[in-house]
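How do the helices of this protein pack, and where is space left between its atoms? Please look at the sequence and the model before reading on.

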Amino acid sequence: MKKTLQSTLFTILLLLFSVSTFSQDTQILSDSAQISLFTCSPGTEIYELFGHSGIRVKDKERGIDIVFNYGLFDFNQEDFVYRFVRGKTDYEVGMCPTEAFLAEYIIRGSGVKESVFNLTQDEKEKILLYLMDNIQPENKTYRYNFIFNNCATKLRDVIDQNITGEKTFPDISGTLTFRDAVKLYTTTSPWSQFGFDLCLGRGMDREATAYEKMFLPEILGETINQTTVKKDDTTVNLVSKINVVAEQTLENPAPWISPLTLFIVLCVLTFCLSIYCFWKHIKIRWFDAIIFGANALFGCVILFLILFSKHPFTYANFNIVWLNPLMCIPIVFLIFKKTRKFEFFYYVAVSVVLVLFLLGHTITEQVFNTAVYPLVTLYLIRSVSYVLHIGYRIGDKE
């Protein structure tokens, strides 16, 4: 293994030297060289849920077997989390021995497929030169974008820009919005999907084109496998052969409880607690301070994403109607007794807003996660409970 890596690294250095010193007319790769697309199936971590792609350059005669990878990032970057939330995360393209690239995915149990391109010698050379130029220090960093500029779309662009002829990319998945496309890969990760649905607004519900849907590595791979290229009067398949490099052995079981189940249970318990407290004339301001405070905290995140994030589709997010910073007011009622005379008006306003959200959510043209509805109902129950409690007390005094 060590000798293989050393040999490959030496080849990479030689290749870099060759590209920098030879002219565009010089043949770098042999006639038997192959360029192919690796498609790796998803893993279990949130950043692995959608799989991965890499582009392979293999030339036995030249001793070259490397993969170009546009998915390199460093968690230890300064202010990584903050920059990621702002949509200002920088990714890099790099290259490594094919053996090293495959090992990561085979060890974790992901399946790997290889789509070997049907290319002319000129197209192979052009792609290689393009990739080698991309990994230069001044070019290797790019601004990551989850939908429009990621490890899969960069490879789509490599193919589209460097292969001559009229390319026809088939729509293999039918009509899908961006949100639908993401859901294809979060069926066993409902908490991740819940997070995506909370943070991404109405733009996610726009129908994605066949070209745009290739932001997902597996859809990219399947689309490329069925793509045709028209050159002059001849139409050929872009992919000449598909190899199964590794079968998927990884299992990704669903969590023992989903957001929908949990929030339904909490909603029912909150309803029972509210009935009991109303019957006994008890106020549980500490409970409301906790649940409304949590709402306000996440509402601050949603508001920040709407106002400051460069991520696509974080704007026009109507979750801000029920999940917003103003939900922190019950904490004020708990701490400052003099403010409690405003409780009635506050909870009336909250009740009206939540009822309007539940009745009118369809006119927003945004698809909300199903688990949102029991959560909104939970807050509505507590708000109405206070309105009834204070109204009953006022009526009793009169």
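The model is a predicted one.

## Helix packing

Two packed helices are described by the angle between their axes and the distance between the axes. The table sets out both values for the two pairs.

| Helix pair | Axis distance | Crossing angle |
|---|---|---|
| Helix 5 (151-162) and helix 8 (217-225) | within 9 Å | roughly 25° |
| Helix 4 (121-134) and helix 5 | 10 Å | about 135° |

Take helix 5 and helix 8. Their axes cross at roughly 25°. That angle is under 35 degrees, so helix 5 is roughly parallel to helix 8. The crossing of helix 5 and helix 8 is left-handed. Helix 5 brings A152, L155, R156 and I159 to the contact, and helix 8 brings P217, L220 and I224. By class, 6 of these residues are nonpolar, none is polar and 1 is charged.

Helix 4 meets helix 5 in another way. The angle in this pair is about 135°. Helix 4 and helix 5 are therefore oblique to each other. Their crossing is right-handed. From helix 4, the contact uses E123, K126, I127, Y130 and L131; from helix 5, it uses V158, Q161 and N162. The classes here are 4 nonpolar, 2 polar and 2 charged.

## The second largest pocket

Rolling a probe the size of a water molecule over the atoms shows where empty space is left. The second largest pocket has a volume of about 480 Å³. Its lining counts 20 residues. Nearest the centre of this pocket lie F194, F263, A294, F298 and L375.

Which helices each supply at least two residues of this lining? They are helix 7 (190-199), helix 9 (259-280), helix 10 (285-308) and helix 13 (372-397). Helix 10 gives the most, with 7 residues. The lining has 17 nonpolar and 3 polar residues, and no charged ones.

## The cavity

The structure holds 1 cavity of 30 Å³ or more. The largest cavity has about 50 Å³ of space. C277, F278, I282, K283, I284, R382, S385, Y386 and H389 line it. Helix 9 and helix 13 each supply at least two residues of this lining. Helix 13 has the largest share, 4 residues. By class, the cavity lining divides into 5 nonpolar, 2 polar and 2 charged residues.

Conventions: Residues are numbered from 1 along each chain as its sequence is written. This is a predicted model: local features need pLDDT of at least 70, side-chain atom pairs count only at pLDDT 80 or more; totals for chains, interfaces and linings use all residues. Side-chain values use heavy atoms; hydrogens and water are left out. On a 1 Å grid over the protein atoms alone, a cavity is a set of points where a 1.4 Å probe fits but cannot get out, and a pocket is an open set with protein on both sides within 12 Å along at least five of seven lines; lining residues have an atom within 4 Å of a point. Grid points are joined across faces, edges and corners, and a volume is the space filled by probe spheres set on the points. Ala, Val, Leu, Ile, Met, Phe, Trp, Tyr, Cys and Pro count as nonpolar, Asp, Glu, Lys and Arg as charged, and the others, Gly among them, as polar. Axes are lines fitted to C-alpha atoms, for helices over the stretch in contact, and angles run from 0 to 180 degrees between N-to-C directions. Angles under 35 degrees count as roughly parallel, over 145 as roughly antiparallel, 65 to 115 as roughly perpendicular and the rest as oblique. A crossing is left-handed if the near helix is turned anticlockwise from the far one by less than a right angle, and right-handed if clockwise. Contact means heavy atoms within 4.5 Å.
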